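Reader: I've got the sequence and the fold open on my screen. Could you walk me through a few spots?

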Amino acid sequence: MPLQSLSWLLCCRQGFTLLRRDYGEKEEEEESFELRSKDELLSPGRDTLDVAVSQPLQAANGPSSVSEIPEEMRSLIIDKNKGTIEDDSSLLVKGWLYKEVHGTWLRQRKHWFVLTQDALEYYSSDEKNAKRLGMLVLTSLCTVIWPDKQTYKETGYWNVTVYGRKLCYRLSTKHFNEAIHWACAIQKVIESKAPVETPTQLLIRDIEENKFNPEAVESIYKHNSILKYTQSPLYAPLLPFQYGSVEHKIYSNSSSKGYSTLRDEAVKIFNSIQQLETARDAVPLIQGVLQTCQDLQPLRDEVYCQLIKQTSGVSSPETEAHLRYWQLLTCMSCTFLPGLPVLKYLRFHLKRIQSKHPDTEADNYAAFIAEALEKTRGRELVPSWEEIHILMNRQEMVCTVHCPGQEVSQVPISSHTTAEEVVKKMVQHLGLQHSPNTFALYEQNCHREWLVASSSIVADVLTKFENLTSKDPDSQWRLCFKVYCFLDTENIPIDSVEFLLLFEQAHEMVVRGHLPTSEEDLQYLSALRLQSLNGDFNLHAPVPPLEELFPGHLIEVRALASARMLLTKPSNCSSRFHAGFLSGALHNGLWGQMAAHKQKAEEDLRLRSRMKEEGLSVMAAIVERWKLLQGLSREDAITTYLSNVKQWSGFGSTLYDIDFYVVNVPTLWEKRKGSSACLNKHEISTENCLHRVWLGIAAQEVSLYKQGHREPFECFSYNQISSFGICEGNTFKIIMAEKELIFETSSLRKLSEIGQLMNAYIAIAHRKHQRRAEDELFGLSLTIPESPSHPV
């Protein structure tokens, strides 16, 4: 850039510097703060951009003159024969664009735009002495929103939006290539700029460099009030942020919550933090700050810096008002980790506070935070109100874990405890260390059950329960400890806790309808269940609801069959009169809709009545069978129950209700001429489809059952499987040498559970094989018991 042009540019930008802009009292009129000095602009190492200024005037078999070039290309060509703005090597792109105008009746105006290595300017015309109407200085913090098809469909224009600190240029053109050309050129200019640093960043770097020199560090704090506690508001964030609205960035749930720019949110959040000093209840404010940081991840480092500032240089750090900052910092440290530079700064700050204020509450909070930072991995959900209360007092949380057939267990946890750690505590508490089976945690309510992955943070699961309960008070979720991998169901001592766990899970399988047997056998099992719960029959014994004893879908099947029998009975004269004479009138228009709605309500009422009658009939049959078990002990009732269930070959498998397709792979590949691409479910013929089957995942094999059938129609071991996994939404595939199995469910989470369970069984088999190979190598016999594991 010539020196004369550079001086003119610096004069127009009024000499504003970064410090005056962000922390001074005056506001600039133009985007000028990024130009630090004249020497910086003239530095010989300054990079130039490889952006084309013009397009070739002639190509092979192309136009021979400018007049024959398409209009969208002409606006990017510099015509040297015309008296335009002076030719300058710093000018990258020129052209006519429409600019959105506010406050006038005309929404868009056409201007001559010029992109340089430092700014995007626009003029009244393309003449040499045209008046410059505006300028947006480009820095590393500017952002470009590229053209999108939806806007073009709505407006007929391809839009390019450029965000500066205060200015926002919304440019448009009718030609896609031209919009892309401008967006690419502007983006290259932005990427070529050196990162903008704030005073706080520079001071953090100075502290890091002098951390072993206490006198220098104290001098930095003494002469820079921006690092210390203040009661005044912030007018700019402590860290740099990209310009532009958060709606144009990918943040979780950010666009639906009315957030503005990151810079504005950073200033607002400091105001919320300051309100902690006077708030009667700090928990809502703390949770609000945490939620904002969860939605807008770039704000996390900013909030950490703000809290470090508010806990530094405090004259009386022991007051309740100032301890609120430490409480929020504690919750932050248990929820998010800052970036590495801020993390180093935070650790230095904690050590400094501990040395300056030993044996105080600030010292205790600093020690708690330092320990939490070593364990925090990042949370999916912000802490619940209960967890925030506990963290504010630096206490340990307690997790309630339900165990089938056993009393609930209270397990101490922290904000970092995983499900695998809770499972290990439960295994030790129940004395299951030597069990060959493995265990896991499940989310459970009266309708659903989900596996909790071993790496999941339990505090997140409890927070989710709190959120679900607040939306639906009748939905009571709980954590349940159960057998996960059934590796040995025969050699379990009858008097052990594990035997009771196996009995309870077998009963859950029966109630869900996953035991294909006769209705008489199911009634007998229900009677054994009552005998195990209450002993001998007694009129005053508490009897659980029928849905906790007997498969509910069978009651519905009986009620539907009874209702159909009533409908097939011949109707009387009156009904024939109504059906013949009024059918045409009642089934047309509004009267027809009302009649259909009334008929549907009557049918539902009759069905509920029939289900109630059938339920009473089944319950009476169960009680009669219960009376016949007089004198049977509780242990014998449980043993008899399990022995009856174990007669089914599918016992020990985890069953999933799925839609199933089987594909002859070579045949379809021949049809597709040998293509190796993954088969699509839409290529499967209807002959290969079997709806609603049971997929059984066991230790040695995978089985397929027609629902209600005792024997599987297909089994295959894990050695036969070449690959498996989720693909195409809610589709799970198991690929073998000669066939491909495709499963579908309405829940992607269930498919994930299937894959995890198969991986767990394969991993266990692989470990056993390795151990056997090692023992054979050293000539040892396999007498060492299998060590417990939790490969969820």
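Predicted model: local features only at pLDDT ≥ 70, side-chain atom pairs only at ≥ 80, totals over all residues.

Reader: Okay, then which residues of α24 does α19 meet?

Author: Helix α19 covers residues 519–534 and helix α24 covers residues 634–645. On the α19 side, the residues involved are Tyr524, Leu525, Leu528, Arg529, Gln531 and Ser532. By class, the contact of α19 with α24 has seven nonpolar, four polar and two charged residues. The α24 residues you asked for are Arg634, Ala637, Ile638, Thr640, Tyr641, Asn644 and Val645.

Reader: And how do α19 and α24 run, roughly parallel or roughly antiparallel to each other?

Author: Two packed helices are described by the angle between their axes and the distance between the axes. Here the axes of α19 and α24 come within 8 Å and cross at roughly 155°. Angles over 145 degrees count as roughly antiparallel. So the answer for α19 and α24 is roughly antiparallel.

Reader: What is the handedness of the crossing of α19 and α24?

Author: The helices in question cross at roughly 155°. For α19 and α24, that crossing is left-handed.

Reader: Moving on to the strands, what is the bridge partner of cysteine 727 in β18?

Author: Strand β17 (residues 721–727) and strand β18 (residues 731–736) run antiparallel, joined by six bridges. They form a hairpin with three residues between them, and glutamate 728 in that turn has a positive phi of about 55°. Across in β18, cysteine 727 is bridged to threonine 731.

Reader: Is serine 703 buried or exposed?

Author: Serine 703 sits in strand β15, residues 701–706. Leaving aside residues up to four places away in sequence, serine 703 touches Trp694, Leu695, Gly696, Pro712, Glu714 and Cys715. The cut-off for buried is under 20% relative accessible area. Serine 703 has 3%, so it is buried.

Reader: What about aspartate 359, does it count as buried or exposed?

Author: Aspartate 359 is in the loop between α13 (340–356) and α14 (361–373). Although not a glycine, aspartate 359 has a positive phi of about 60°. Its relative accessibility is 76%, so aspartate 359 counts as exposed.

Reader: Last one: where is arginine 394, and what does it count as at 25% relative accessibility?

Author: Arginine 394 lies in the loop between α15 (385–392) and β8 (397–402). Its phi is near 55°, a positive value in a residue other than glycine. At 25% relative accessibility, arginine 394 counts as partly exposed.

Definitions and conventions. Residues numbered from 1 in each chain as written. Heavy atoms only, no water. Axes fitted to C-alpha atoms, helices over the stretch in contact; angles between N-to-C directions. Helix = DSSP H or I, 4+ residues; strand = E, 2+ residues; numbered from the N terminus. Parallel < 35°, antiparallel > 145°, perpendicular 65-115°, else oblique. Left-handed = near helix turned anticlockwise from the far one by under 90°. Contact = heavy atoms within 4.5 Å. Nonpolar A, V, L, I, M, F, W, Y, C, P; charged D, E, K, R; others polar. Pairing = 2+ DSSP bridges. Buried < 20%, exposed > 50% of the residue type's maximum accessible area, 1.4 Å probe, protein only.
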